[in-house]
Amino acid sequence: MLLGGHSQGESLGEFSFLGKAISLEQMCGCGLKVADCKEWNKLYSQVLLEKNIDLKKQPYELRQWDTRASTVIDKKQQTRGYLFVSKLRTFMTRLHFMLPSFFRPPLPSSLKKGVENTAYLYDVVLETREKNFIVDSSKNFLKGIALYKSYPKKTKILLLTRDGRGVFHSKYRSGFTKKESFLGWYRYYSGALYYLKKLVQKEDLLIVKYEDLVTDLEGELKKICTWAQIDFEKEMVDLGFGERHLVMILALSAIKALN
Ligand SMILES: [Zn+2]
């Protein structure tokens, strides 16, 4: 979201949930519904023109990567069948990325198409909002890797991590046992980090510690900008600056809380 404050950048929040945000009439960062926001409406019009798909009527028609909502759920879309199949696809995707080429299964076709659709939607956002780069905060690291593998020259991955002890303590405090808290910490590191380090070139992967960001916001942002090859702009630190059109209601409450 901080990067989205850059004059050339557009932060999309958890973009994989665009379909759900339209379907459930969730709020955009600007305060209007995602279905009513003028910036998102420019995207719907262009998609209708180019692909003959009306996203307001068929929000899931341009499918992106699989999603799994845990709080606000579109029960018509996130059915038990969908969750089961998407688990299978995740398993196949892990095999696809991990096995040597001889044994490697292809990326599940719906996810492959999903990556193409996401890249297409990024382009439409860049064009309609006249920006140069997109920040997608979708939390699925496999989606990030798949995008990176399809568009390696155009994609960079930033992983915001928390200190292992921080993860452990917050789990332990929320009532998990010591063993469960340790396992949470272990999975956290072994999962995303293992895949990212193996599959993403060093210069395209940046790991930022949440604790460092909180301690020295401007310094860390400057480092991120250098890595992303964009100029640092002071306004980025000010979360209340400018209008933001994000697909994520939590982002909106965070902006309001900080104001
Ligand atoms: Zn908006």
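Me: A crossing is left-handed if the near helix is turned anticlockwise from the far one by less than a right angle, and right-handed if clockwise. Which kind of crossing does α2 make with α4?

Reply: It's a right-handed crossing of α2 past α4. Bear in mind that this is a predicted model, where local features need pLDDT of at least 70, side-chain atom pairs count only at pLDDT 80 or more, and totals for chains, interfaces and linings use all residues. Numbering runs from 1 along each chain as its sequence is written.

Me: At what angle do the axes of α2 and α4 cross?

Reply: Two packed helices are described by the angle between their axes and the distance between the axes. Here, helix α2 (residues 38-51) and helix α4 (residues 109-129) cross at roughly 120 degrees, and their axes come within 9 Å. Helices (H or I, at least four residues) and strands (E, at least two) are DSSP runs numbered from the N terminus. Axes are lines fitted to C-alpha atoms, for helices over the stretch in contact, with angles from 0 to 180 degrees between N-to-C directions. So α2 and α4 are oblique to each other (under 35 degrees is roughly parallel, over 145 roughly antiparallel, 65 to 115 roughly perpendicular, the rest oblique).

Me: And which residues meet there?

Reply: From α2 you have E39, K42, L43, Q46 and V47, and they meet V124, V125, T128 and R129 in α4. Contact means C-beta atoms, placed from the backbone, within 7 Å.

Me: How do α4 and α5 pack?

Reply: Helix α5 (residues 141-150) packs on α4 at about 75 degrees, with the axes 10 Å apart. That angle makes α4 roughly perpendicular to α5. L111, V115, T118 and A119 in α4 meet A146, L147 and S150 in α5. This contact has 5 nonpolar residues, 2 polar and no charged.

Me: Which residues touch the most other members of the largest nonpolar core?

Reply: A nonpolar core is a set of buried Ala, Val, Leu, Ile, Met, Phe, Trp, Tyr and Cys residues joined through C-beta atoms within 7 Å. Of the 21 residues in the largest core, L12, L18, A21, V34 and V247 touch the most other members. At least two residues of this core come from each of α1 (18-23), α2 and α4. V34 is in contact with A21, I22, Q26, M27, C28, W40 and V247, leaving aside neighbours within four places in sequence. There's also a second, separate core of 9 residues, I145, A146, L147 and V200 among them.

Me: Is L221 buried or exposed?

Reply: You count other C-beta atoms, placed from the backbone, within 10 Å: 20 or more is buried, 12 or fewer exposed, in between partly exposed. L221, in helix α9 (residues 217-228), counts as buried because it has 21 such neighbours. Not counting residues up to four places away in sequence, L221 touches L2, F232, M236 and V237. L221 and M236 are 15 residues apart in sequence, yet 8.4 Å apart C-alpha to C-alpha.

Me: What about E25 and E130, where are they?

Reply: E25 lies in the loop between α1 and α2 and is exposed, with 10 C-beta neighbours inside 10 Å. E130 lies in the loop between α4 and β2 (133-135) and is exposed too, with 8. E25 has a positive phi of about 55 degrees although it isn't a glycine, and E130 also has a positive phi of about 55 degrees.

Conventions:
Contact = placed C-beta atoms within 7 Å. Nonpolar A, V, L, I, M, F, W, Y, C, P; charged D, E, K, R; others polar.
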